[in-house]
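Dear colleague,

Please find below the sequence and structure that I am handing over to you.

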Amino acid sequence: MKRPPAIIVQLVHIQGPLKGQIQEFSEPEIVIGRKPSCHLRFPVDLTIVSREHATIIREGNRFRVVDKSANGTFVNGKRIKEAYLKDGDVMSFAEGGPKVSFLTQMREAPLAPPQPEQTPPPRPEPRFPPEPEPAGTAEHDAPPPPPPRPSAPKDIMVQAAQAPLVIQYGPTLKSFKEVPVTVGKSPRSGFVLDHPQVFDEHLIIFFHNNQYWVKDLTGKDLVQVNRRPISVQAPLTAQDELALTPRGPVFRFLGAGRFAEVEEAKAEEPPQAAAGAPEKRAPAEKADKGAMSVLKKFLRH
């Protein structure tokens, strides 16, 4: 027998000092703020967030957020005093403050195994000294070594499965309730990833034998797990690093179907030009400012 499913709250940080983290909570009340006793605690120097900013309260299978702050709590850009949350809602703690996406996950909690009946200990058997082995026979009587562990099959049939999947890439966060999900540049992909190194249909994330797998669709051995090409497909374990190409983008598999982007290290700046040489970096700086303005505009929505 199994207990009724437990509801786990997942808060995915998409802006702020904890950006990229995914925190899970099972408490009936989740207190958010700067106090050390808060379940979701922000740095003490982030004064835009109150010491006890908001509380998420479970009511049956629903969750209600209550604002307790001076600078306000926002749900999908609208300031609230209290509101019921649904999967995918984005909460902001103060205007321009940290942002998290609200998700829930159903998990079945198995009952504790029954305690075995106490039985009297077995009576000790009499011990006798071992008989001496004839000379020269010990090597032949030794058990054979265990057979080598079979390698994982090279090609597993991808089948539909009810398994949660959450992918965070930059400010984009998308969740799925079943797999497989195709990742690529094409609008037909389940998760559209606009990156110069990514193919139209780049890889598939699927579920097999209680484990998440990735399958390379490029035909060029571009997909890597922990910096090694997977050739065709490979299983994933928590904290594995998934690179779509040797030049990125790169994701961290956090377990339970959650993928978070790993920000690539910035390239070193070229040496400065000699004195008197014309400055040629203005167009790049202008492009960077344009990208930042688009990102800020997206985060406000």
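The notes below describe what was found, beginning with the basis of the model.

The structure is a predicted model, in which local features need pLDDT of at least 70 and side-chain atom pairs count only at pLDDT 80 or more, while totals for chains, interfaces and linings use all residues. Residues are numbered from 1 along each chain as its sequence is written, and side-chain values use heavy atoms, with hydrogens and water left out.

Confidence is expressed as pLDDT (the predictor's confidence in each residue, from 0 to 100). The mean pLDDT of the protein chain is 80, and 70% of its residues reach 70 or more. Two stretches call for caution. Over residues 148-153 pLDDT stays under 50, and the model has two contacts for them beyond four places in sequence, a contact being heavy atoms within 4.5 Å. Residues 266-292 also have pLDDT under 50, with one contact beyond four places in sequence. Where pLDDT is low, the predicted coordinates should not be read in detail.

As to overall composition, the protein chain has two helices and 23 strands; these are DSSP runs numbered from the N terminus (helices H or I, at least four residues; strands E, at least two). Of its 301 residues, 37% count as buried, where buried means under 20% relative accessible area, exposed over 50% and partly exposed in between (1.4 Å probe, protein chains only). The accessible surface of the protein chain comes to about 20400 Å², with 54% of it belonging to carbon and sulfur atoms; such areas come from the Shrake-Rupley method with a 1.4 Å probe, and for residues only the protein chains shown count as cover.

An open sheet is formed by seven strands in the order β13-β12-β23-β22-β21-β18-β19, with mixed pairing; two strands pair if DSSP finds at least two bridges between them. Strands β13 (172-176) and β19 (228-229) stand at the edges with a single partner strand each, so one side of each is left without a neighbour in the sheet. Within the sheet, β12 (residues 165-169) and β23 (residues 258-262) pair in the parallel sense over three bridges, and F259 in β23 is the bridge partner of I167.

Beyond four places in sequence, the contacts of I167 include L173, F176, V183, I205, F251 and F259.

R258, found in strand β23, counts as buried at 10% relative accessibility. A polar atom of its side chain lies 2.9 Å from the backbone oxygen of G255. Leaving aside neighbours within four places in sequence, R258 is in contact with Q10, I22, E24, V166, R252 and F253.

S50 is placed in the loop between β4 (40-41) and β5 (54-59) and is buried, with a relative accessible area of 16%. A polar atom of the S50 side chain lies 3.3 Å from the backbone nitrogen of A70. Not counting residues up to four places away in sequence, S50 touches G33, R34, S69 and A70.

With kind regards

Technical notes. A polar contact is a pair of N or O atoms within 3.5 Å; within protein, one must be able to donate a hydrogen and the other to accept it, and residues adjacent in sequence count only if both atoms are side-chain atoms.
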